[in-house]
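Me: Can you walk me through this one? I have the sequence and the model open.

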Amino acid sequence: MTQAPAIHVRGTHEVDGVRQFGPLDVRMPAGKWTCILGRSGVGKSTLLRLIAGLTTAGEFDGHITTSDAGTLEGRVTVMAQSDLLLPWLSVLENTVLGARLRGEDPDMKKAQGLLDRVGLSGHLDKRPNALSGGMRQRTALARTLMEDRPIALLDEPFSALDASTRADMQELAAEVLAAKTVLLVTHDPAEAVRLGHQITVLTPDAAQTWPTLHIPPIRDQYAPATVGCQAGLLAHLREMR
Amino acid sequence: MTRICHVLGACAFALFLWQGIVWITGVPSFILPSPLRVAQAAVTNRAIIAENTLVTATEVILGLIIGTVSGATTAIQLASSARLHRLVIPLLVFTQAVPVFALAPILTLWFGYGITSKVVMAVLIIYFPVTSAFYDGLTRVPADVLDMAKTMRGTKRQIMRRIKIPHALPSLGTGLKLAAVYAPIGAVIGEWVGASKGLGYLMLLANGRAKTDLMFASLFTLAIMTLLLHLAVSKATATLGAP
């Protein structure tokens, strides 16, 4: 994997001639987690899709650049809210899907190692329907890691999980995605405060940076400072409505 | 087990009703033979029925195989190219506006009185349902999955092979189940227009000679053959799995 670059997004996104957000100027620091919050429909997922090079419902007028001036194509991996596991493939085969889709021979040893790292070594041959929600997301995480891209874009990947599984997954993701430039779209202020090196609140007019704690992630969710920061962020989000 | 009991019960009731109508009305057997008479005709003519069933079954199975392969191939090509889809779909829909039955005499003229014209007829009748069902499945892969494949830089060929086709197999299964019921219709119509063998031919022959009991026996044989074919295809497609 190459060195993770910082990402800089500037521009405006319009849907059917109506501005959704912008003019925007967001910088996502290299090798750090940037958590994006904002009310529904403000364009958080659109921003993620733009960086991923995927089509959106509207038109983007602006620039997305990286600190190393390299292209984003082929350097991005996406993890969505839904695990997107293919039900006819085993856990192992789902993990190596990227290589299969590129027509390459997958590195099975590496995949097994990653599945071991996410705690699924005993479930390699199982189909997704035999797994719990948490195990399915861990498989999706292993598939994301298998791509070995310097930039990881996470679109509410833990939102459908129960509270304890979500906390476990947050810790696991923070550990295994360390050193990558990560963009996490989330609705949960607690998640953002726990994981973010940078917290960005997206509004139709601008992207505001919310002050984070000096303690590096992953932060103790029960520490008074963390709880205080969450409360402040939640109050700010509510005021925006 | 309960389901089998229900089916057997319904069949027994229908036979009883049929026999009752024959007794009460006293209708001549060349108009409506009794179930017993039909059963007797089936036993007496078992060799000739079996021989002709084999011919029709061969036509149907060949038609089903060729129709499925060509329909599935067309669906994959259409799903691979938007331009091809725009060009071919109107043509396909237009061909469906032409009643396939009306083509039977022409097919007999082109392909003769042998098995070929019946196989072609069966192929024509199942080609559209198979193509349409499989194409629907191929183009209904969730957009999120295709986006993921795009970020993985998957090739078009591999996305088709590893995502779209497996996703569409249950839809293909639905098309095949329809095809298993339609294919015998095509073969029998082909036999009616011009043939010297097959259940359609036997029915026409029996009808012409006022052997209505033999005609009914052939008709039931055809129905049983179609049901068995549908059952076999259903069993086979069940293994295709659901996404």
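**Helix packing, sheet and interface**

Reply: Helices α3 and α6 of chain B cross in a right-handed sense. A crossing is right-handed if the near helix is turned clockwise from the far one by less than a right angle, and left-handed if anticlockwise. This is a predicted model: local features need pLDDT of at least 70, side-chain atom pairs count only at pLDDT 80 or more, and totals for chains, interfaces and linings use all residues. Residues are numbered from 1 along each chain as its sequence is written, with chains lettered from A and ligands numbered from 1 in the order in which they are written.

Me: What angle do α3(B) and α6(B) pack at, and how far apart are their axes?

Reply: About 35°, with the axes 6 Å apart. α3 covers residues 46-80 of chain B and α6 covers 115-138. Axes are lines fitted to C-alpha atoms, for helices over the stretch in contact, and angles run from 0 to 180 degrees between N-to-C directions. Helices (H or I, at least four residues) and strands (E, at least two) are DSSP runs, numbered from the N terminus.

Me: What classes of residue make up that α3(B)-α6(B) contact?

Reply: 19 nonpolar, eight polar and two charged. Ala, Val, Leu, Ile, Met, Phe, Trp, Tyr, Cys and Pro count as nonpolar, Asp, Glu, Lys and Arg as charged, and the others, Gly among them, as polar.

Me: Switching to chain A. What order do the strands of the sheet take?

Reply: β2-β1-β4, in an open sheet with antiparallel pairing. Two strands pair if DSSP finds at least two bridges between them. β2 (18-28) and β4 (59-66) of chain A are the edge strands, each with a single partner, so one side of each has no neighbour in the sheet. The twist averages 5° from one strand to the next.

Me: How many bridges link β1(A) and β4(A)?

Reply: Eight, and β1 is residues 7-15 of chain A. One pair to look at is A:His13 with its bridge partner A:Phe60 in β4(A). Helix α1 (residues 44-52) of chain A packs on the sheet and touches β1, β2 and β4 of chain A. Its direction makes about 120° with that of β1(A).

Me: And β1(A) with β2(A)? How many bridges there?

Reply: Eight, antiparallel. A:Ile7 has A:Met28 as its bridge partner in β2(A). The hairpin has two residues between the strands, and A:Asp16 takes a positive phi near 50° there.

Me: Where do the two chains meet?

Reply: 18 residues of chain B are in contact with 19 residues of chain A. Contact is C-beta atoms, placed from the backbone, within 7 Å. On the chain B side, α7 (143-151) and α8 (156-193) each give two or more residues. α7(B) gives the most, with seven. By class, that side has eight nonpolar, five polar and five charged residues.

Me: Is B:His230 buried, exposed or partly exposed?

Reply: B:His230 is partly exposed, because it has 17 C-beta neighbours inside 10 Å. Buried takes 20 or more, exposed 12 or fewer, and partly exposed is in between. B:His230 lies in helix α10 (residues 212-238) of chain B. Leaving aside neighbours within four places in sequence, B:His230 contacts B:Lys177, B:Ala180 and B:Val181.

Note on methods
Contact = placed C-beta atoms within 7 Å.
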